Amino acid sequence: MQIKKTLSMTLAVMLMLCIVSACGGAPAAPEGAFSEKDLGVMIDGAVYYLREDSAPLLEALGGDYEYSEMVSCVYDGKDKTFTYPGIKVNTVPVDGKDITEMITLTDGTYETLRGAKVGDSIASVKEVYGSDFFDDGYITYSITNDPTDIEAERIQFEPAGDTVGKIYIYSPSY
């Protein structure tokens, strides 16, 4: 009887550990076709997407940045740029908030939600993201996969020879 009770308790504890570990940790990387779920970055285990309030992302990146702004030609207010080591965040003013419009990865410090980073081979990017891209001077994956759709959100890998020189995660303001 004692063995059954011990075995039951052990199984219950193992089941609880499995449930807890499944609930915690970092979000799973996007899979399949390129989609809206690809349009962000992970900083310290939290995901920050385009077209969201930039305040949480900027807070996660900290206060060590260079700042510039200019009057927005699309929105009422100022477009802002926050340049950190390894990452640049461009925002646009929407409804009183600075909304993330573009995230540029400039070195291997940060990576895309699928794990691609500056310095990776172009071949590895194509393995991770698949064959549904177009070459417009960049290796471009967009929501519509239509090179003529300039309004489609996208991720662009700027080649530097056979490797990635920069990564642009972009939501055009049109």
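Modeller: Let us begin with two aromatic residues, Phe34 and Tyr129, which are both buried, meaning under 20% relative accessible area, where exposed is over 50% and partly exposed lies in between (1.4 Å probe, protein chains only). This is a predicted model, numbered from 1 along each chain as its sequence is written, in which local features need pLDDT of at least 70 and side-chain atom pairs pLDDT 80 or more, whereas totals for chains, interfaces and linings use all residues. Side-chain values use heavy atoms, without hydrogens or water.

Biologist: How many aromatic pairs does the structure hold?

Modeller: A pair of aromatic rings is described by the distance of the centres and the angle of the planes. The structure holds 10 aromatic pairs, counted for rings of Phe, Tyr and Trp (its six-membered ring) with centres within 6.5 Å, and called stacked under 30 degrees between planes, edge-to-face over 60 and tilted for the rest. One of them joins Phe34 and Tyr129, a tilted pair at 6.4 Å centre to centre with 50° between the planes. Phe34 lies in the loop between helix H1 (2-23) and strand S1 (40-43), and Tyr129 lies in helix H3 (residues 122-129), so this pair ties together parts 95 residues apart in sequence; helices (H or I, at least four residues) and strands (E, at least two) are DSSP runs numbered from the N terminus.

Biologist: Which residues do ring pairs link into a cluster with Phe34 and Tyr129?

Modeller: Ring pairs link Phe34 and Tyr129 into a cluster with Phe133, Tyr141 and Phe157. Another pair, Tyr65 with Phe82, is edge-to-face, with 5.3 Å centre to centre and 70° between the planes. The Tyr65–Phe82 pair links distant parts of the chain, 17 residues apart, since Tyr65 sits in the loop between helix H2 (55-61) and strand S3 (66-71) and Phe82 in strand S4 (residues 78-84). Tyr65 counts as partly exposed at 37% relative accessibility, whereas Phe82 counts as buried at 7%.

Biologist: Which residues of H3 are buried, and where do they fall when seen down the axis?

Modeller: In H3, the buried residues are Ile122, Val125 and Tyr129. Seen down the axis of H3, these fall within an arc of 55°, so they line one face of the helix; the arc is that of the directions from the axis to the C-beta atoms. Their cover includes strand S8 (139-142), strand S9 (154-160) and strand S10 (163-170), and just after H3, Gly130 takes a positive phi of about 95°.

Biologist: In what order do the strands of the open sheet run?

Modeller: Strands of a sheet pair through backbone hydrogen bonds, either parallel or antiparallel. Here 8 strands form an open sheet in the order S3-S4-S5-S6-S10-S9-S8-S7, with antiparallel pairing, where a pair needs at least two DSSP bridges. S3 and strand S7 (134-135) are the edge strands, each pairing on one side only. S3 and S4 are joined by 6 bridges, and Lys78 in S4 is the bridge partner of Val71.

Biologist: What do the side chains of Thr81 and Lys80 contact?

Modeller: Thr81 is buried at a relative accessible area of 16%, and its side chain makes a polar contact of 2.9 Å with that of Asn90. Lys80, also in S4, is buried at 19%, and a polar contact of 3.0 Å joins its side chain to that of Asp98. A polar contact is a pair of N or O atoms within 3.5 Å, of which, within protein, one must be able to donate a hydrogen and the other to accept it, and residues adjacent in sequence count only if both atoms are side-chain atoms.

Notes
Contact = heavy atoms within 4.5 Å.
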